[in-house]
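Please look over the sequence and the model before reading on.

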Amino acid sequence: MRSFITRPRALAVVLAGTALTLSPLGGSAMAKLPADQVGNPACFTPADGPAARGGHGADHRELSAAEQRAIDAKTAQILKAKAARGLAPAAGTLASASVPVYVHVMRSSTGAGDVTDTQISQQITELNQDYAGGESSQAANTGFTFYLAGTDRFNNDQWHKDKQSTSYRSQTRKGGKNALNIWLVDFSYLGIATFPWDYASNPSIDGIRVEYSSLPGGSATNFNEGKTASHEAGHWFGLYHTFQGGCTSTNDSVSDTPAQSSASSGCPTGRDSCSLPGLDPIHNYMDYSYDSCYNQFTPGQSSRMSSMWTAYRA
């Protein structure tokens, strides 16, 4: 989850989409679930951890190294079974897909939080650029493209502030497991996402919530180029933060993203927070750098997206 006030990017907790309030990076966490989500089994209260991208909370449910291993093992089993039935990409190739995107604009009763159709179009363009590797010669072309399948707008003060989020997502989500739903709200975070392996248990809230001012041309300083949606969509595809698990060999389960101990803030060229090989991947869309610093997914991340798509969204 990216949060957006003082911007040390936060640790995401890609939970079935629950926003958590944490203290700034390095402080103790004081997690509280929104009142409307108390008792929801998909909700999760994390242990102490860094604040989300932009300074608040986490953008996905937190996972232990053991749970990471269990998810990877489950994914491998699903892929093996699908391959046996001819439902997986041929050896040496990766999955690709055109992803339908449904944008839900959650305005206040007075219309606050609205975005223009042009901004929405620019956001789709940004997603396509980022996932095609269009910002760096070192970036991978993931093979995934996006098209706008629909836009709707609601005037509701509670929904605008991301209240009753389980309810409003269930009422408004469109499409199947392959459809990316983006809810534009006004909250203390930059974004919150769900993981693909959680779709089966909670399909009605699958998608990403994004701070409306982070769209291209928005007012979120340092975070208004539309890259929050790219970051959160990365979680939706099955990617972790590049600092997942800290300075460990497991890290984010991707071999070509150097391990890093903690999230980056700004664009700290040469940052090396981990004793393992490689500088911190500050230009990776799955770190917590400024939008202007982001420019790549790696081939390893592209491969992971392919696996997760084939297992859970194809």
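Five nonpolar, eight polar and three charged residues line the largest pocket. In this grouping Ala, Val, Leu, Ile, Met, Phe, Trp, Tyr, Cys and Pro are nonpolar, Asp, Glu, Lys and Arg are charged, and the others, Gly among them, are polar. The space in this pocket comes to about 280 Å³. Gln138, Asp280, Pro281, His283 and Gln296 are the closest to its centre among the 16 lining residues. A pocket here is an open set of points on a 1 Å grid over the protein atoms alone, where a 1.4 Å probe fits and protein lies on both sides within 12 Å along at least five of seven lines; lining residues have an atom within 4 Å of a point.

The model is predicted: local features need pLDDT of at least 70, side-chain atom pairs count only at pLDDT 80 or more, and totals for chains, interfaces and linings use all residues. Residues are numbered from 1 along each chain as its sequence is written, and side-chain values use heavy atoms, with hydrogens and water left out.

The chain contains six helices and five strands, in the order α-β-α-β-α-α-β-β-β-α-α from the N terminus. Helices (H or I, at least four residues) and strands (E, at least two) are DSSP runs numbered from the N terminus. Of its 314 residues, 55% are buried, meaning under 20% relative accessible area, with exposed over 50% and partly exposed in between (1.4 Å probe, protein chains only).

The salt bridges number 13, each a side-chain nitrogen of Lys or Arg within 4 Å of a carboxyl oxygen of Asp or Glu. Three of them are listed here.

| Pair | Closest N to O |
|---|---|
| Arg107 and Asp114 | 3.1 Å |
| Glu126 and Lys227 | 2.5 Å |

Arg107 is buried at 18% relative accessible area, while Asp114 is partly exposed at 34%. Both belong to a salt-bridge network that also includes Asp117 and Arg153.

Glu126 and Lys227 form a salt bridge. Glu126 sits in helix 2 (residues 117–131) and Lys227 in helix 5 (residues 227–237), so the pair ties together parts 101 residues apart in sequence. Glu126 is buried at 12%, and Lys227 is buried at 1%.

Arg209 is in strand 5 (residues 208–211) and Asp162 in the loop between helix 3 (157–160) and helix 4 (165–172), 47 residues apart. Arg209 is buried at 1%, and Asp162 is buried at 6%.

How values were computed. Points joined across faces, edges and corners; volume = space filled by probe spheres on them.
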